[in-house]
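Welcome! Please keep the structure open while you read.

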Amino acid sequence: MGIKTSWALRAGLSALGALALLVTGVPSAEAGARGCNHRTCISVQGSGLHVDSVSASTTWNGDFTGHFHIWGGGLNANSATGYWGYHQQYTVHVGRDLPNRSVVCAEGWEHVNGHLESRGRACEEIRF
């Protein structure tokens, strides 16, 4: 194979690869995300704008007695009041698309001597 033929073949394959990227598009951001703030964590399960579920949990050594509040993107749910230890989570099943750029948050609320104390607010943005 000559130099000109080899170069033409490589150029053709490069062009074909670029065309394939244009046709298939750039991968979208996933709805699946996880993050923590102070003693509260949020986990969003899904793909693209479709959210299967949103969960709230505590961090390591973040145990508390109280409740979680999950809201944003049309969601608004509170867990039952109880003891929340590491690896326990409150999950809201969603099963639908949320609006692009929706911000979903989870906040832990500790019940202390008749009042509420925030144990952190963790948020994730849902975007395509």
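Let us begin with Glu110, which lies in strand 8. Bear in mind that this is a predicted model. Is Glu110 buried or exposed? Its relative accessibility is 16%, so Glu110 counts as buried, the cut-off for buried being under 20%.

Which residues does Glu110 touch, leaving aside its neighbours within four places in sequence? The contacts are Arg39, Phe64, Thr65, Gly66, His115, Leu116, Glu117 and Arg119. With Arg119, the side chain of Glu110 also makes a polar contact of 2.4 Å. Another residue to look up is Asp63: it sits 47 residues from Glu110 along the chain, and the C-alpha atoms of the two are separated by 9.3 Å.

**Charged pairs**

Side chains of opposite charge can pair when their charged atoms come close. In this model the count comes to five salt bridges. The table shows some of them, including one made by Arg119, the polar partner of Glu110.

| Salt bridge | N to O distance |
|---|---|
| Glu107 and Arg121 | 3.2 Å |
| Glu117 and Arg119 | 2.7 Å |
| Arg127 and Glu125 | 3.6 Å |

Glu107 is buried, at a relative accessible area of 6%, whereas Arg121 is partly exposed at 43%.

For the pair of Arg127 and Glu125, both partners are partly exposed: Arg127 has a relative accessible area of 36% and Glu125 has 29%. Which residues make up the salt-bridge network here? Arg101, Glu125 and Arg127 are linked in it.

**Two loops**

Most residues other than glycine have a negative phi. His87 has a positive phi of about 80 degrees, although it is not a glycine. You can find His87 in the loop between strand 6 (82–84) and strand 7 (89–97). His87 is exposed, with a relative accessible area of 67%.

Asn113 also is not a glycine, and its phi is positive, about 50 degrees. Where does Asn113 sit? Look in the loop between strand 8 (102–112) and strand 9 (115–126). With 77% relative accessibility, Asn113 counts as exposed.

Methods: Residues are numbered from 1 along each chain as its sequence is written. This is a predicted model: local features need pLDDT of at least 70, side-chain atom pairs count only at pLDDT 80 or more; totals for chains, interfaces and linings use all residues. Side-chain values use heavy atoms; hydrogens and water are left out. Helices (H or I, at least four residues) and strands (E, at least two) are DSSP runs, numbered from the N terminus. Buried means under 20% relative accessible area, exposed over 50%, partly exposed in between (1.4 Å probe, protein chains only). Contact means heavy atoms within 4.5 Å. A polar contact is a pair of N or O atoms within 3.5 Å; within protein, one must be able to donate a hydrogen and the other to accept it, and residues adjacent in sequence count only if both atoms are side-chain atoms. A salt bridge is a side-chain nitrogen of Lys or Arg within 4 Å of a carboxyl oxygen of Asp or Glu.
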